Number of protein chains: 2
Amino acid sequence: MAINQKLTKRSDDFAKWYNELILKSELADYSPVRGCMIILPLGYALWENVQRLMDQEFKKTQVENVYFPALIPLSLLQKEAEHVEGFSPQLAVVTHGGGKELAEPLVIRPTSETIIWQYYADRLQSYRQLPLLINQWCNVMRWEMRTRLFLRTTEFLWQEGHTAHATPAEAEERALMMLGVYRKVLEEYMAIPCYQGVKSSQEKFAGAENSYSLEVMVQDFKAVQAATSHNFGQRFSKAFGVTFLNEQDERQHVYTTSWGSSTRLIGTLVMVHADDRGLVLPPRIARTQIVIVPISDSENRKRVFDAAGKLENTLREQGYTVKADYRDIKPVHKFYDWELRGVPLRIEIGLKEVTAEEATLVQRDTGKKMTVRQAELSELIPGIFEEMQRRMFERALQFRDEHTYVVNSFKEFREVLEEKKGFLRAHWCGSNSCENDIKSETEATIRTIPFDSEPETGECVYCGKPSGRRVLFAKAY
Amino acid sequence: MAINQKLTKRSDDFAKWYNELILKSELADYSPVRGCMIILPLGYALWENVQRLMDQEFKKTQVENVYFPALIPLSLLQKEAEHVEGFSPQLAVVTHGGGKELAEPLVIRPTSETIIWQYYADRLQSYRQLPLLINQWCNVMRWEMRTRLFLRTTEFLWQEGHTAHATPAEAEERALMMLGVYRKVLEEYMAIPCYQGVKSSQEKFAGAENSYSLEVMVQDFKAVQAATSHNFGQRFSKAFGVTFLNEQDERQHVYTTSWGSSTRLIGTLVMVHADDRGLVLPPRIARTQIVIVPISDSENRKRVFDAAGKLENTLREQGYTVKADYRDIKPVHKFYDWELRGVPLRIEIGLKEVTAEEATLVQRDTGKKMTVRQAELSELIPGIFEEMQRRMFERALQFRDEHTYVVNSFKEFREVLEEKKGFLRAHWCGSNSCENDIKSETEATIRTIPFDSEPETGECVYCGKPSGRRVLFAKAY
């Protein structure tokens, strides 16, 4: 049992800490297929919570769920040139089916734009059918050489939304709207602060006109692209011939978007909030919000366990997810165990508490301990959780802001990146060559051109040419 | 638009009726990959409802969700001889990944026993970890030559539950428990009556010791196997070396089960309840329970539409899924359209109704029409839906029982099967050869040895040898 083995410290080896934590907290594990992971009950429960919240928000914007096949004929994928170029190196190819070699190889979807727009090419006829707003929850496959549990795996679970519109303005509005939905779920439920903005032309999605993303700083100061939303303009509709008759009875190509978020969010959640003792889960996303640990000698066991069971039922009736831990192991091992698994609130009940009708509360994120009357619990807990949720967000925001630096020369850029790490707000001339040179010399990429980046006259940190606004650089996962 | 085109009648060509209905009601469609289907919003919404209900029931029995990789090394699949033999002809094989030929081919899971028990072989150590109760919602791939939308497709969506137990009795109990869960969802929510029982040794799942199933009669009198639950005994635990130390500190192999249900359920739902005008959906599973159709000339439009909108909000607040249809087409076309899509209750509101504060209700399954006071609606609708739910189940049950025949000779067997069609309760000696001969001569297979089949002395309809109970024969999808 891993209960007593301490985790590697974040400050000693962040990558090792992360991997150990994912494995020990039993979020996920490696599989016999390289690059593919097994998502264990705790990890999947977090994903289910994310799914439920996202899906509710999608449906509020009139999106309907569908399911398109996982297998896509290679020829379909090849219809949009940039798209196939972007995904070709990562494809998993099915060459045999039902005991025979296939006439045409099929790829397991790396994403579904091609099969979706091929389908609607025949079916969209009129502006009355627009906007088309669909989404699917599914697995996708992108062959990866270097993988990291949750953050980068060959197979991952995600949702991919796809929409078609009559006008470019509507498509743009939808792409931004969905970025806003992601931001809401990340910030309000997962307590993850996000930079939002548009990708540089080299960093955008294969085939997109504009790619928007949420960029998150994790505790080793690197960036994680947590969700993306793309405006494809008429790229796919022209490649697949998706047209409609507008109100003036003219045939036009539709404007499409797509937007995605994946099990990568679980890795992001861990990297933003967890500490050297284990996961730290925000109350609004935790699988188990409260764990009750009864503490007693064998003499008083029944009395203490009964009190714990009663409290468990009361809290469950109040709508919390609660677990009482009656295992026959030392309380301190239970503390370790539930701290490792990130349960937001621990309630300890011993003979002293039972006698005094009290309970001792320990908050996971701060370790703060307080003894309160049991009768007060139903009044206290909502406030504790609200405060914890707010505090976790604020702490992550403060951490991010403290490690986001304004730099004004390439020398400063390199020094800050090497010594302080973090995100850099720097001027950039807009050229691919400066972006590429900075990347090859520092490993930092343009994460996003943030929406909140005010117009400001300056000089590109690399070439000195004029620049109109700062962009956000960072090393990224 | 398909609105005015009548469906083929069930009595004229059941298969054609079914396919037309799936396509016209926009439940699903064909895809460019042979055998793989596109599940459209209405079809997926029904699947989501089934998923939600099943998942709730699973979790009540302590099952936790997980996700194992879609790709399985061929060598893993080969570890259990019967299992690989059963699935080999149906495999989709990935031979290339990331631009290179793979050292070992990977198959897309046809089911996940092998990858799951390989994983737990290393991780199960003690009786304290048992029972292990997991489930996953995912896609699977089984190459099919003859496909039928929802009922038989190369790729389908399903859940597969897998459990491990310390004793054979617990495994058997779990296999039966999950069959009960399926039956509950089918009978109570989908209004589908089920025969439940055990499979003959030739019809059971590849590698199982006992396979249990729910068998449903659809309107062309054929059987659909709607869900299955398998007790594998120690088959997989021995093939994969899944052992644990029991309370006496002895190393033993675990006993495993698996149980599955799929998007096939949506096809079953259609084939059981739909009629010549379209889908007929039970209120507890329908995507939209109530459609409101405002009927007015242009002069009174605002007044009627306002009343419809007000009613829509009221009913939605009462917890129903409601849609008001404001499209600019004739009311009769709206009627056709929503009948085609199976909405349980239609509420018509015209100027007459608005003036009298009334509403006209039309029930989808019977066509029964009644005009009631709007103020009474909130009191009336729960009863209407409860009655409709019960009535749909009873009607399907009566249909099934009226077409299930007791036959006592092979001559009678053939005659009834050819002339009356339906299910046959017949004596069978228990031999594979009689089962095979009956199948090759009549196409009827043993669907199940029903739990409610009382012990009864008789003679095998085929060979005349003694038999102890009747089994259920039918032609099946």
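The contact between the two chains comes first. In this predicted model, 39 residues of chain B are in contact with 39 residues of chain A. On chain B, the elements that each supply at least two residues to the side touching chain A are strand E2 (37-39), helix H2 (41-60), strand E3 (64-65), strand E4 (71-73), strand E5 (92-97), helix H5 (113-123) and strand E8 (155-165). The largest share, six residues, comes from E5(B). By residue type, that side of chain B divides into 26 nonpolar, ten polar and three charged.

Now look at E5 itself. Strand E5 (residues 92-97) of chain A pairs with E5(B) in the antiparallel sense, over five bridges. In that pairing, A:Val94 stands opposite B:Val94.

Next, how the copies are related. In general, two copies of a chain are related by a rotation about an axis and a shift along it. Here, a rotation of 180 degrees with 0.0 Å of shift along its axis superposes chain B on chain A, with an RMSD of 0.0 Å. The two copies are therefore related as by a two-fold rotation axis. Which residue of chain B comes closest to the rotation axis? That is B:Val94, with its C-alpha at 2.1 Å. The same surface serves both copies, as 100% of the contact residues of chain B recur in chain A.

Staying with chain A, helix H5 (residues 113-123) is mostly covered, with eight of its eleven residues buried. Those buried in H5(A) are A:Glu113, A:Thr114, A:Ile115, A:Ile116, A:Trp117, A:Gln118, A:Tyr119 and A:Tyr120.

The last item is helix H9 (residues 301-317) of chain A.

The buried residues of H9(A) are A:Val304, A:Ala307, A:Ala308, A:Leu311, A:Glu312 and A:Leu315. Seen down the helix axis, these buried residues fall within an arc of 140 degrees, so they line one face of H9(A). On the other side of H9(A), A:Lys302, A:Asp306, A:Asn313 and A:Glu317 are exposed.

What covers the buried residues of H9(A)? The cover includes strand E15 (290-295), strand E16 (322-324), strand E17 (345-350), helix H11 (351-356) and strand E18 (358-363), each in chain A. After H9(A) comes A:Gly319, which has a positive phi, near 100 degrees.

Note on methods: Residues are numbered from 1 along each chain as its sequence is written. Chains are lettered from A and ligands numbered from 1 in the order in which they are written. This is a predicted model: local features need pLDDT of at least 70, side-chain atom pairs count only at pLDDT 80 or more; totals for chains, interfaces and linings use all residues. Two residues are in contact if their C-beta atoms, placed from the backbone, lie within 7 Å. Helices (H or I, at least four residues) and strands (E, at least two) are DSSP runs, numbered from the N terminus. Ala, Val, Leu, Ile, Met, Phe, Trp, Tyr, Cys and Pro count as nonpolar, Asp, Glu, Lys and Arg as charged, and the others, Gly among them, as polar. Two strands pair if DSSP finds at least two bridges between them. A residue is buried if 20 or more other C-beta atoms lie within 10 Å of its own, exposed if 12 or fewer, and partly exposed in between; C-beta atoms are placed from the backbone. Copies are superposed by least squares on the C-alpha atoms of residues with pLDDT of at least 70 in both. The arc is that of the directions from the helix axis to the C-beta atoms.
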